[in-house]
Amino acid sequence: MEEVGRAVTSPTVRRRQLGMELRQLREAAGLTGDQVTERLGWYGAKVSRIEKGRISVPWSDVMDLLDLYEVDDPATREALVQLAKAARQREWWQPYSDMLSKNARTYIGLESAAESLRTYQPSSVPGLLQTSDYARAIITRAGPLTLGQDEIGRRVSLRMKRQAVITEAGTLRLWAVLDEAALYREIGGPEVMHEQLMHLVEMAHRPGVDIQVMPFSAGPHASLSGMIGVFSFPGSDPDVAYVDSVSGTLFLERAADVQATTSAFQHLSATALSPAASVDLIKAIAGRHQTR
């Protein structure tokens, strides 16, 4: 097996790495997921969820799988058991999990583990690029109407802490395409918008951050229907795409779906203004908010 026990830091990465290793061992043993489920007496989706890194798996279950796959090498067994134990550690955002949906937890886990993110945002500034005042305005007006001030504050705090992957750790390369409409949509008032747009200008000059604007003049484009994005990870961990759907964010892992989403983003980037022209446009629109 390749890269067993490689250095990884995020529990999300560890779960995905463990899942890939276990899937390879299952395939090498000539077993299907259904056969594993039947022989171990598990419920139907457990094997799939383990192999996709969707759930943490007890080390005892890993031992059962290794026994079934007839993996006798002590070093391999020990490495995978240790990986399973490490994968059960708490994510940094766990203290906020009570206010997060399942999709939100998945998204933040992927965001924390990813090496790069390519994203298109049609209606607002991406969370990783928001100021605290802009985030507060969105959370207050677009979130549940019953949120109290403490809950709003926690949500703003979480959004700001997410940005550490860019501003502090520098572990995530961000390539964001924003629709021009997001620059005009007044969220929080003129002062908040001016500050937000100037923050985009500042972020656009950071290493590892690319910002482009999809101008109105571009007309129809590859993602008029909503937000899309592609997470890429270190090593051989496969990309994960996401798209807007009527029921929320839909995560895509099939190679064909990821490739289609990647192609759509590439088309968006090719159609959008260059990073330099985008910064000029953002500055110009920021000035309009300032003079209101």
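A residue counts as partly exposed when its relative accessible area falls between the buried limit of under 20% and the exposed limit of over 50%. In this predicted model, D257 has a relative accessible area of 25% and is therefore partly exposed. D257 forms a salt bridge with R254, and the closest N and O atoms of the pair are 3.1 Å apart. R254, in contrast, is exposed, because its relative accessible area is 55%.

Side chains of opposite charge can pair when their charged atoms come close. The model holds 14 salt bridges in total, and several are worth a visit in the structure above. E253 pairs with R16, with 3.8 Å between the closest N and O atoms. With a relative accessibility of 28%, E253 is partly exposed, whereas R16 is buried at 6%.

Helix α1 also provides R26, whose partner E51 lies in helix α3; the two residues are 25 apart, and the pair links distant parts of the chain. The closest N and O atoms of R26 and E51 are 2.7 Å apart, and both residues are buried. Elsewhere, a network of salt bridges links D98, E151, R154 and R155.

At least two lining residues come from each of α6 (102-113), β1 (116-121), α7 (132-142), α8 (149-162) and β6 (248-252), and α6 gives the most, with five. The lining comprises 19 nonpolar, 11 polar and six charged residues.

The second largest pocket holds about 620 Å³. Among its 26 lining residues, R15, R54, K102, R105 and T106 are the closest to the centre. Two or more lining residues are given by each of α1 (11-28), α6 and β6, and here too α6 gives the most, with six. Charged residues number 11 in this lining, alongside eight polar and seven nonpolar ones.

Finally, G44 is found in the loop between α2 (33-40) and α3 (46-51). With a relative accessible area of 59%, G44 is exposed. G44 and G33 are 11 residues apart in sequence, and their C-alpha atoms are 8.7 Å apart in space.

Terms used
Residues numbered from 1 in each chain as written. Predicted model: local features only at pLDDT ≥ 70, side-chain atom pairs only at ≥ 80, totals over all residues. Heavy atoms only, no water. Helix = DSSP H or I, 4+ residues; strand = E, 2+ residues; numbered from the N terminus. Buried < 20%, exposed > 50% of the residue type's maximum accessible area, 1.4 Å probe, protein only. Nonpolar A, V, L, I, M, F, W, Y, C, P; charged D, E, K, R; others polar. 1 Å grid on protein atoms, 1.4 Å probe; cavity = no way out; pocket = protein on both sides within 12 Å on 5 of 7 lines; lining within 4 Å. Points joined across faces, edges and corners; volume = space filled by probe spheres on them. Salt bridge = Lys/Arg side-chain N within 4 Å of Asp/Glu carboxyl O.
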